[in-house]
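Q: I would like to learn how to read a side chain in its surroundings, and then the sheet and core around it. Can we work through one case?

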Amino acid sequence: MKFRRVMLILASCVFFATLAGCNKDNTQSDIDTQDSAVQSGDEDGDGDEDSPEEVTTPPLAMSSKDKQAENNPREDGTSDIHVKIESVEISLEDLQAQNYVVPVMITLDENAGISYAEWGALVDSRCTFTADNSEMDLSVYYSINEEQNFMWTAWSSGSQIKEGEANLLKLEVTLPQDAAVGDKYEINYQSISLAEKPHSWSSNNDNWVTNGYVTWTDGGITIIG
């Protein structure tokens, strides 16, 4: 499914299609490319919400599946960073009424303070999906590898540290038309890219991945009776 979200951009934003491996990108412009996006600048010109330098989902490296990190909570179960992928239950009747398209929110539920982030998501191979970063709390950029149903993201606020809960992205997941009651379609957080680049959650002074506690909750869609 081909889909693009077109967003207004400032003249200071420059976009280049440079790295192979992506079938679908979001870089705050309607650039139709099979490559990843590289961009610079910020949205409002004040140094806040600077665009990340790269968002890329290259061809699959099979070993990357075996290198996904595990949840790393404190002993009391809390985290410096916690990402939640929504778990949606929907009836077959409602699914059909929505033309088999189900929105799934990805949120940051615990946030000790970040100015930069990279992370990914893997969607059930039976589905197709797009992403929407409009009206989110953070301007997360993303690139989707359609062949692997894999998304990698990047976000930067420049020098400003963002704290607290935030909506990151909304996925629009299209389920197969043979979906039946009891079927479940998983959406899993990914801690390493297809190019075996690790996820990143950091501020100017803190790297929560290497010196903190980063956790996540996988989600998905379940068809109920």
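Q: Which polar atom lies 2.7 Å from the side chain of Trp208?
A: Look for N and O atoms within 3.5 Å of each other. In this predicted model, the backbone oxygen of Gly113 is 2.7 Å from a polar atom of the Trp208 side chain.

Q: Is Trp208 buried or exposed?
A: The cut-off for buried is under 20% relative accessible area. Trp208 has 11% relative accessibility, so it counts as buried. Trp208 sits in helix H2, residues 208-211.

Q: Which residues does Trp208 touch, leaving out those up to four places away in sequence?
A: Among them are Asp80, Ile81, Ala112, Gly113 and Ile114. The list also includes Trp201, Ser202, Tyr213 and Val214. Take Ala112: 96 residues separate it from Trp208 in sequence, yet their C-alpha atoms are 8.7 Å apart.

Q: In what order do the strands of the open sheet run?
A: Read across the pairings. The order is S9-S12-S7-S5-S15, 5 strands with mixed pairing. Strands S9 (128-132) and S15 (214-217) are the edges, each pairing on one side only. From one strand to the next, the twist averages 20 degrees.

Q: How do S7 and S12 pair?
A: Strand S7, residues 101-111, pairs with S12 in the antiparallel sense, over 8 bridges.

Q: Which residues touch the most other members of the largest nonpolar core?
A: Trp119, Met151, Leu171, Val173 and Trp201 do, in a core of 41 residues. Strand S12 (residues 166-174) supplies the largest share of this core, 5 residues.

Definitions and conventions. Residues numbered from 1 in each chain as written. Predicted model: local features only at pLDDT ≥ 70, side-chain atom pairs only at ≥ 80, totals over all residues. Heavy atoms only, no water. Core = buried A, V, L, I, M, F, W, Y, C linked by side-chain atoms within 4.5 Å. Buried < 20%, exposed > 50% of the residue type's maximum accessible area, 1.4 Å probe, protein only. Helix = DSSP H or I, 4+ residues; strand = E, 2+ residues; numbered from the N terminus. Contact = heavy atoms within 4.5 Å. Polar contact = N/O pair within 3.5 Å; in protein donor to acceptor, adjacent residues only side chain to side chain. Pairing = 2+ DSSP bridges. Axes fitted to C-alpha atoms, helices over the stretch in contact; angles between N-to-C directions.
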